[in-house]
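Open the structure in your viewer and keep the selection tool ready. We will go stop by stop.

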Amino acid sequence: MSARARLGILLSGRGSNFEAIADAVAAGSVPAEIALVVSNRTQAAGLEKARQRQLPVLALPPLGRDRESYDAALAQALRDARIDWICLAGYMRLLTPAFVNAFPGRILNIHPSLLPAFPGLDAQRQALEHGVKVSGCTVHFVDATLDGGPILAQTAVPVEPADTEATLAARILAAEHRLYPEALRLVLTGRWRIEGRRVIVA
Ligand code: GRF
């Protein structure tokens with residue numbers, strides 16, 4: 001692998017995890033360059049933050065395309081940018097199997113729970129409603145299942161008695177901003193392999 005991996009970031013909203021990754025890249029702790037930031041939402045705040053950092057951005061609204069043709073266009077844009085790794089950072093579309101297969105083992109996601117608990121939307125609300133005392137965040141490889149790929153790294157975060165969805169989400173988000181760059185650094189510099197569901201770090 002080249003010394004500086006080319007990252008493609010996919011986001012749909014605020015983009016705070018993108019910023020955490022971009023800060024780590026700028027600080028030199030993640031040996032990569034952000035080669036493209038893509039959003040399905042033209043107005044995504046994260047896209048504007050990427051523009052302000054003078055990173056290459058692409059707004060790719062669905063425009064009525066079906067999932068297959070949308071993901072084909074997305075994959076082509078990422079290939080054109082010679083992307084090595086894809087980081088989902090609050091990307092709110094399900095990826096088609098064809099897209100996942102186009103970048104095998106090269107897509108990471110961050111999810112605001114300790115997977116396999118509470119996959120899908122509103123993970124923090126699910127955690128509160130379930131009454132767990134500990135939740136957290138997970139960085140995992142993306143496969144064709146929803147939030148189901150091999151787990152690379154996790155951080156546990158306490159659930160406090162007075163928590164609302166907003167206070168719990170904020171506590172988890174702070175942990176996400178540390179975990180995603182660390183996990184990225186691990187995959188880019190560490191020795192690891194995937195055996196079945198397990199990511200073995202040497
Ligand atoms: C984060 O909580 C992330 O775990 C989830 O979506 C949220 C994105 O936040 N997948 P941001 O856009 O990175 O600020």
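The tour below starts at a helix, passes the ligand and some aromatic rings, and ends in a loop. Bear in mind that this is a predicted model.

**Stop 1: helix α1**

Select residues 16–27, which make up helix α1. How far apart are its end C-alpha atoms? They are 16 Å apart.

Now colour the buried residues of α1: Ser16, Asn17, Phe18, Ala20, Ile21, Ala22, Ala24 and Val25. An α-helix has 3.6 residues a turn, so residues three or four places apart point the same way. Next, show what lies over the buried residues of α1. The cover includes the strands β1 (5–11), β2 (32–39), β4 (85–88) and β5 (107–111). It also includes the helices α2 (45–52) and α6 (165–189).

Step off the end of the helix. Gly28 follows α1, and its phi is positive, near 85°.

**Stop 2: the ligand**

Which residues are around the ligand? They are Arg14, Gly15, Ser16, Asn17, Gly90, Ile110, His111, Pro112 and Glu176. Ser16 and Asn17 are also among the buried residues of α1.

- Asn17: a backbone N or O atom lies 2.8 Å from an oxygen atom of the ligand.
- Ile110: a polar backbone atom is 3.0 Å from a nitrogen atom of the ligand.
- Glu176: an N or O atom in the side chain is 2.6 Å from an oxygen atom of the ligand.

**Stop 3: His111**

Stay by the ligand and pick His111, one of the residues around it. His111 is in strand β5. Is His111 buried or exposed? Its relative accessible area is 4%, so His111 is buried. Leave aside its neighbours within four places in sequence and show the contacts of His111. You will find Phe118, Pro119, Gly120, Ala123, Gly136, Cys137, Thr138 and Asp147.

**Stop 4: aromatic rings**

Show the side chains of Phe, Tyr and Trp. How many aromatic pairs does the structure hold? There are 4. Start with Trp85 and Trp192: the ring centres are 6.3 Å apart and the planes stand at 65°, so this pair is edge-to-face. Trp85 lies in strand β4 and Trp192 in strand β8 (residues 192–195), so the pair ties together parts that are 107 residues apart in sequence. Trp85 counts as buried, because its relative accessibility is 1%. Trp192 is at 25%, so it counts as partly exposed.

Move to Phe99 and Phe103. Their rings form a tilted pair, 5.2 Å centre to centre with 45° between the planes. Phe99 is buried, at 2% relative accessibility. Phe103 is buried too, at 8%.

Ring pairs link Trp85, Phe141 and Trp192 into a cluster.

One more ring to select: Tyr70. Arg93 lies over the face of Tyr70, at 4.0 Å from the ring centre.

**Stop 5: Pro161**

Finish in the loop between β7 (151–158) and α6, where Pro161 is found. Its relative accessible area is 85%, so Pro161 is exposed. Now draw a line to Leu128. Pro161 and Leu128 are 33 residues apart in sequence. How far apart are they in space, C-alpha to C-alpha? The distance is 9.6 Å.

Note on methods:
Residues numbered from 1 in each chain as written. Predicted model: local features only at pLDDT ≥ 70, side-chain atom pairs only at ≥ 80, totals over all residues. Heavy atoms only, no water. Helix = DSSP H or I, 4+ residues; strand = E, 2+ residues; numbered from the N terminus. Expected span 1.5 Å × (residues − 1). Buried < 20%, exposed > 50% of the residue type's maximum accessible area, 1.4 Å probe, protein only. Contact = heavy atoms within 4.5 Å. Phe/Tyr/Trp six-rings, centres within 6.5 Å; stacked < 30°, edge-to-face > 60°. Lys NZ or Arg CZ within 6 Å of the ring centre and 35° of its normal. Near = heavy atom within 4 Å. Polar contact = N/O pair within 3.5 Å; in protein donor to acceptor, adjacent residues only side chain to side chain.
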